[in-house]
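Subject: Structure handover

Hello,

Here is the structure I said I would pass on.

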Amino acid sequence: MPMLGGVRPPIAALLCGLLAVSALTALGLGTVHEQEVPQALSDAERQIAQDAADSVGTSINASARAVRRSAASATPAGSSKPAAVLRSLLPTGHPAAGGVLLDPRTGKPLAASGEKVPLTGVDAKDLARPDTGNIAPRVVASGTGAPRLLLFARVTVPVADRKQDENQDQAGDLRGDQEAEERGLLFVVSEKVAAPAVYGAGRTGQLVDPNGKVCASAPTTGAALAAATGHRALPAAAANAANTSVHTGDVSGSVLGDGRHGLRRVTGWASVVSEDGKDDASGLGLTVLTAREVPPAKAGADHMWFALVAAGALVVIAALVTLVLWGTMQRPLLRLHLSAARLARGVGEVPEERAELARPVPVLGFGEPGRAGRALESIRRQLLGETGPEPEQEVRRRPGVRALVLVCALVIAAWGVPLLFLLNRVPAAKAVPAAAVADQQARTEAAADRVQRSLGGSRTDLAAAASALSGASRERAAEVLRRERADHPTFRSLYVLDRTGALVQQVGKQPVRTLVPPTGEGITQVNTSGKIPAVAAYARIPAPGKAKGAKKAADTAPAVVVAEIGVDALDDLVSRAGLGSVWLTDERHRVLAASVGFEAFQSLPSRRLTRLVAKTDAAPGGAGKSASAVLHAGTSPGEGLSVVAAAPLAQKGPAAGLGWRVVSAEPAAALKLAAYQVQARTMLAGLLALTAGGACLGWLHIVVVRPLRTLTGCAERLAAGDRRTVLFPVHHDECGSVTRSLELLRQALVERDRGAGAGLAAVPAPSFQCGSAP
């Protein structure tokens with residue numbers, strides 16, 4: 001079987017490999033420079049802007065869905081007055097600043113509520129056409145100076161009986177078309193553009209439109225406000241960058257600003273756009289801009305000197321190892337190959353070549369090449385009749401080529417092991433800047449806010465569904481439940497309990513565990529053990545009207561509607577790129593959901609992490625606060641320090657009483673900090689050197705050292721008088737060539753012995769072969 005053999009290729013590959021590693025070491029370490037603002041901070045600001053943009057998009061989408069849902073609900077029975085219809089579409093507590101019903105035929109308002117809705121550019125007739133699908137929201141200027149978000153929905157209302165109120169003013173009545181039984185209107189809601197939710201002390205947040213005009217700003221005070229007003233050109237620049245990059249797939253980025261009062265401004269931007277770009281918020285062209293001023297890092301040591309010293313040392317080691325292997329293995333083996341071939345020619349039938357036997361065999365090197373050379377010289381003298389076979393003697397084994405290869409490996413390891421395990425190690429407490437720890441905490445608070453908003457939205461929507469279930473027939477109730485679950489993929493199961501706790505109706509999967517009928521509305525944790533955590537939103541179903549007999553009906557009416565929220569939905573809420581491992585824990589710090597694999601109600605990976613989370617627990621009368629640190633999180637075996645943070649889920653709202661926490665842990669080595677880049681590249685250089693050295697020296701051992709040791713033993717036995725062992729070449733390289741030559745010399749010795757001992761018995765058949773594959 002052919003093999004890549006010979007003594008030259010492994011040694012040449014070893015030299016080339018070590019020189020390549022030295023070059024990569026010089027380039028890899030020499031190009032790492034300490035930045036005034038680490039890349040980790042710029043990346044974190046970009047991710048914070050992305051978190052805020054997702055929050056803005058979620059809020060806009062939820063508002064648009066709420067308006068469409070309200071428009072699809074039934075209008076007050078027996079009334080077709082615009083004011084009554086509008087009141088039913090704008091319930092008390094709605095966040096809308098104003099609302100209006102438009103006549104699609106004329107575009108004129110039929111009823112209005114709240115502040116004046118800016119309708120410039122709104123074509124009611126075109127928008128009211130039912131074949132255009134959902135109407136996309138718009139951001140428009142208003143008379144107050146602050147932009148407004150317009151949300152649209154089509155409303156279908158019944159026309160009152162023609163005989164009723166015949167003298168009613170036609171302009172104020174919805175019966176404009178005497179022949180129609182229903183009429184379509186355009187419902188428009190005006191809302192204030194919500195400011196992006198940003199976290200972290202001194203951080204500003206702005207929402208800008210495609211033209212770079214600021215639509216809303218997060219509350220800022222003091223130094224943060226002064227910093228925001230000092231960079232008025234940034235919103236337009238961020239909007240331009242977002243509009244340009246969104247076509248290339250880039251929806252977020254970061255910019256490093258100029259120095260100011262000894263601080264550097266880090267700005268992050270992110271487009272308010274979903275992954276598929278098909279939601280309500282994606283078409284608005286909005287961009288979230290966040291910024292924070294951070295102290296510049298102290299100038300660190302230049303790593304070029306270390307890179308050059310390490311690369312130079314490896315070059316010296318490569319040259320030294322190559323010279324040693326060339327002088328003690330390659331050169332002697334090649335000479336041995338030539339000498340054996342010359343002796344093999346000398347025993348041939350050509351008289352001119354027999355003179356080759358007169359030339360002594362030079363003995364070069366130590367170990368196996370030297371021993372094989374001495375054995376060849378003894379065989380040459382035996383062929384000339386000068387001596388007989390040398391008696392086998394017990395010789396003291398001295399270090400040979402195997403020991404030489406081991407020494408070369410140790411020399412290479414002496415360079416690679418310190419780089420892999422010792423050099424350029426910086427404690428994470430010193431390597432991770434305080435700003436990076438603060439950013440981890442800010443993003444964890446944003447994740448907690450995202451979970452809280454989702455749970456609050458589920459509770460609000462469920463309350464609306466509960467109102468629709470009041471007094472509804474069983475068929476109507478089933479339709480409401482099916483529509484509610486279709487609108488909320490996060491709902492694993494929807495069911496209705498009567499006042500005794502019996503399950504009356506259900507859609508979706510089987511509930512993990514049903515609730516005891518609670519009072520009011522809110523969010524609760526259903527179970528505290530089991531294989532699947534159960535979290536549910538619930539809302540009390542209002543009793544029907546108070547007509548006669550209603551009390552008896554109310555006693556038997558359904559009491560509460562419950563939406564069981566799937567764990568997968570919670571996993572998606574806490575999962576964020578660049579935040580590391582994230583867990584959602586209950587009040588006993590047991591895991592309910594996570595961005596990584598987990599078992600229900602398991603403890604956090606380390607006690608240090610649990611102690612940090614305990615610091616966020618509320619003191620008596622308090623609400624709890626976030627905490628962060630750099631410590632061993634224990635998220636995986638052998639992992640080093642991590643930047644960890646914990647934040648209470650909510651300090652107010654429906655989830656405030658749950659006592660939940662969002663906990664995150666990002667390995668410090670994953671941050672783009674110069675210290676960790678140098679450490680990673682140093683370890684890579686050491687690993688490459690050990691790999692190249694081990695691979696090439698292992699190759700050399702397999703194709704040269706082992707065959708050479710076998711060859712040397714065969715040559716010494718042949719010199720000692722063993723004529724029965726056939727020397728069979730295996731490899732087509734120097735060792736194979738020497739083996740073939742030794743076989744020719746053995747046959748010549750057998751012929752000589754046969755001629756000298758005429759009349760004796762023939763030589764017996766060979767007993768075994770020498771030179772087989774090791």
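Overall make-up

Please keep in mind that this is a predicted model. The protein chain has 774 residues, and 47% of them are buried. Its secondary structure amounts to 17 helices and 22 strands.

The five-stranded sheet

The sheet I looked at is open and has five strands, in the order S17-S16-S20-S19-S18, with antiparallel pairing. Its edges are strand S17 (591-594) and strand S18 (627-631), each of which pairs on one side only. On average, neighbouring strands of this sheet are turned by 20° against each other, direction ignored.

Helix H11 (residues 434-469) packs on this sheet. The helix touches S16, S18, strand S19 (642-648) and S20, and its direction makes about 40° with that of S19. A further helix, H14 (residues 567-574), lies across S16 and S17 and runs at about 65° to S17.

Strand S16 in detail

Strand S16 (residues 581-585) runs antiparallel to strand S20 (residues 661-667), and five bridges join the two. Two of the facing pairs can be named here: Ser 581 stands opposite Ala 665 in S20, and Trp 583 stands opposite Val 663 in S20.

With S17, S16 pairs in the antiparallel sense over three bridges. Thr 585 has Val 591 in S17 as its bridge partner. S16 and S17 form a hairpin with five residues between the strands, and in that hairpin His 589 takes a positive phi near 60°.

How much of S16 is covered? Five of its five residues are buried. The cover is on both faces: Ser 581, Trp 583 and Thr 585 are buried on one side, and Val 582 and Leu 584 are buried on the other.

Salt bridges

A search of the whole structure gives 29 salt bridges. I describe some of them below.

Asp 103 and Arg 105 meet through their side chains in a salt bridge, at 3.7 Å from N to O. Asp 103 has 7% relative accessibility, so this residue counts as buried. Arg 105 has 53% relative accessibility and therefore counts as exposed.

Glu 115 forms a salt bridge with Arg 148, with the closest N and O atoms 2.6 Å apart. This pair links distant parts of the chain, 33 residues apart: Glu 115 is in the loop between strand S2 (109-114) and helix H4 (124-127), while Arg 148 is in strand S4 (residues 148-158). Glu 115 counts as partly exposed because its relative accessibility is 26%. Arg 148 counts as buried because its relative accessibility is 5%.

Which residue does Glu 521 pair with in a salt bridge? The partner is Arg 459, and the closest N and O atoms are 3.7 Å apart. Glu 521 lies in strand S13 (residues 521-525) and Arg 459 in helix H11, so the pair ties together parts that are 62 residues apart in sequence. Helix H11 is also the helix that packs on the five-stranded sheet. Glu 521 is partly exposed, at a relative accessible area of 41%. Arg 459 has 19% relative accessibility and counts as buried, because the cut-off for buried is under 20%.

There is also a network of salt bridges, which links Glu 45, Arg 203, Arg 292 and Asp 439.

A nonpolar surface patch

Leu 24, Leu 684, Leu 687 and Leu 688 make a nonpolar surface patch of about 340 Å². Helix H16 (residues 674-719) contributes the largest share of the patch, three residues. Leu 24 has its place in helix H1 (residues 8-30).

Regards

Note on methods. Residues are numbered from 1 along each chain as its sequence is written. This is a predicted model: local features need pLDDT of at least 70, side-chain atom pairs count only at pLDDT 80 or more; totals for chains, interfaces and linings use all residues. Side-chain values use heavy atoms; hydrogens and water are left out. Two strands pair if DSSP finds at least two bridges between them. Helices (H or I, at least four residues) and strands (E, at least two) are DSSP runs, numbered from the N terminus. Axes are lines fitted to C-alpha atoms, for helices over the stretch in contact, and angles run from 0 to 180 degrees between N-to-C directions. Contact means heavy atoms within 4.5 Å. A salt bridge is a side-chain nitrogen of Lys or Arg within 4 Å of a carboxyl oxygen of Asp or Glu. Buried means under 20% relative accessible area, exposed over 50%, partly exposed in between (1.4 Å probe, protein chains only). Patches are made of residues with over 30% relative accessible area and no salt bridge: like charges are joined within 9 Å, nonpolar side chains (Val, Leu, Ile, Met, Phe, Trp, Tyr) within 5 Å. Accessible areas come from the Shrake-Rupley method with a 1.4 Å probe; for residues, only the protein chains shown count as cover.
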